[in-house]
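Subject: A structure for you to look through

Hi there,

Here is the structure I promised to pass on. Have it open while you read, and my notes follow just below it.

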Amino acid sequence: MSAIKQTIIRGGMESLYFTGAHMALKPFVAGVGVILTLHHVRPARPDRFQPNRGLEVTPEFLTRVVKALRRSRLDFISLDEMHRRMRARDFSRRFVCLTFDDGYRDVKQWAYPILKNEGVPFAMYIPTSFPDRLGELWWLALEAVIARNARIRIQIDGRNRTFDCATVAEKRALYDELYWWLRSRPTEAELRDTIRDLAASYHVDLAAFCDELSLTWQELSELAADPLVTIGAHTVNHVMLAKLPAETARSEMDLSRSIIHAALGASPEHLSYPIGDRSSAGPREFAIAAELGFKTAVTTRQGVLFPKHNEHLTALPRISLNGAYQRLRYVRVLLSGSATAMWNGFRRLDAA
Ligand SMILES: [Zn+2]
């Protein structure tokens, strides 16, 4: 996300908070509950070039969020209990589900002790290629290539292009440009090929990120043994499903469930679509997930849950706890539903 866009969002949240508008809007937009999206939890690093900073929050921030949510009388519940309440229309108390995508080791190291101590249930959505040590964390390879070089040569739309990226400002701008260009590739294969070429040319070890950052099956089985922890599916290869042929998309979802079952002894009943925005998951994927029998599936479309979502349990919105906005007042605004309601034009359901 660009710095300007971040500033606008931050400004919007500040004004919602300080004008009290989030409280005025709350009865109309707060819905019945919320599913939070997190990725990494670890201490902050000093580097100035951290384009993936949005994917991590600090242990201190997570602690403050959990304590604040407890004080505001929200129920922390598991995905199974969320599913039950949605189906039974049991909306007597607002609820929150904590979900962590990708299965990072730092979640076990930093978040788990906090959540365990507070008795907070949470879910981890696992792309099975990560514990299988075959995952391509391409966004981190892109970051490393740009971080370690002052100039990059890359073929874009058939043309050789050269970019200067010696300064932090240039690195940030180039990361944004290349990231969104890659995300806009019509196929996942093209994205991956470009990253493999780039990593090879600039001597970045693409496999090392997966090895260093992802939980192993052994570590996952230790977590899965705790009743507080739900293990969910997140495909095999962490792909943008909507860009794949239907049969491949189906097998990515189905196979990841079988692999988790084989490795951990239980079949996951909840799914998270990788990337999870409109370009990665749409009506076709929502239908496949329902056909495959997943109880729920989550997107990264931003929003709180309304009763009507019980007819769209494989197209659920979430609220991202974005590392770029680690202030409690932003969390209060997001959970009031007012920020996302404004972004969504006050449309409650977005399952198409
Ligand atoms: Zn993911």
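Helix α6 gives the most to the lining of the second largest pocket, with five residues. Helices here are DSSP runs of H or I with at least four residues, numbered from the N terminus. A pocket is found on a 1 Å grid over the protein atoms alone, as an open set of points where a 1.4 Å probe fits, with protein on both sides within 12 Å along at least five of seven lines; lining residues have an atom within 4 Å of a point.

Before going on, please note that this is a predicted model, in which local features need pLDDT of at least 70 and side-chain atom pairs count only at pLDDT 80 or more, while totals for chains, interfaces and linings use all residues. Residues are numbered from 1 along each chain as its sequence is written, and side-chain values use heavy atoms, leaving out hydrogens and water.

Back to the pocket: its volume is about 400 Å³, taken as the space filled by probe spheres set on the points, which are joined across faces, edges and corners. It is lined by 19 residues, and the closest to its centre are R42, R45, L140, E143 and F209. The elements that give two or more residues to this lining are α6 and α9. By class, the lining has eight nonpolar, three polar and eight charged residues (Ala, Val, Leu, Ile, Met, Phe, Trp, Tyr, Cys and Pro count as nonpolar, Asp, Glu, Lys and Arg as charged, and the others, Gly among them, as polar).

How do α6 and α9 cross? The axes of α6 (residues 138-148) and α9 (residues 206-213) come within 9 Å and cross at roughly 120 degrees. Axes are lines fitted to C-alpha atoms, for helices over the stretch in contact, with angles from 0 to 180 degrees between N-to-C directions. The two helices are therefore oblique to each other (under 35 degrees is roughly parallel, over 145 roughly antiparallel, 65 to 115 roughly perpendicular, and the rest oblique). W138, L140, A141 and A144 of α6 touch L206, F209 and L213 of α9, where contact means heavy atoms within 4.5 Å. This contact has seven nonpolar, no polar and no charged residues.

Helix α6 also packs with α7 (residues 168-183), at an angle of about 145 degrees and with the axes 10 Å apart. That contact includes W138 and E143 of α6 and Y175 of α7, and it has 10 nonpolar, no polar and three charged residues.

Enjoy exploring!
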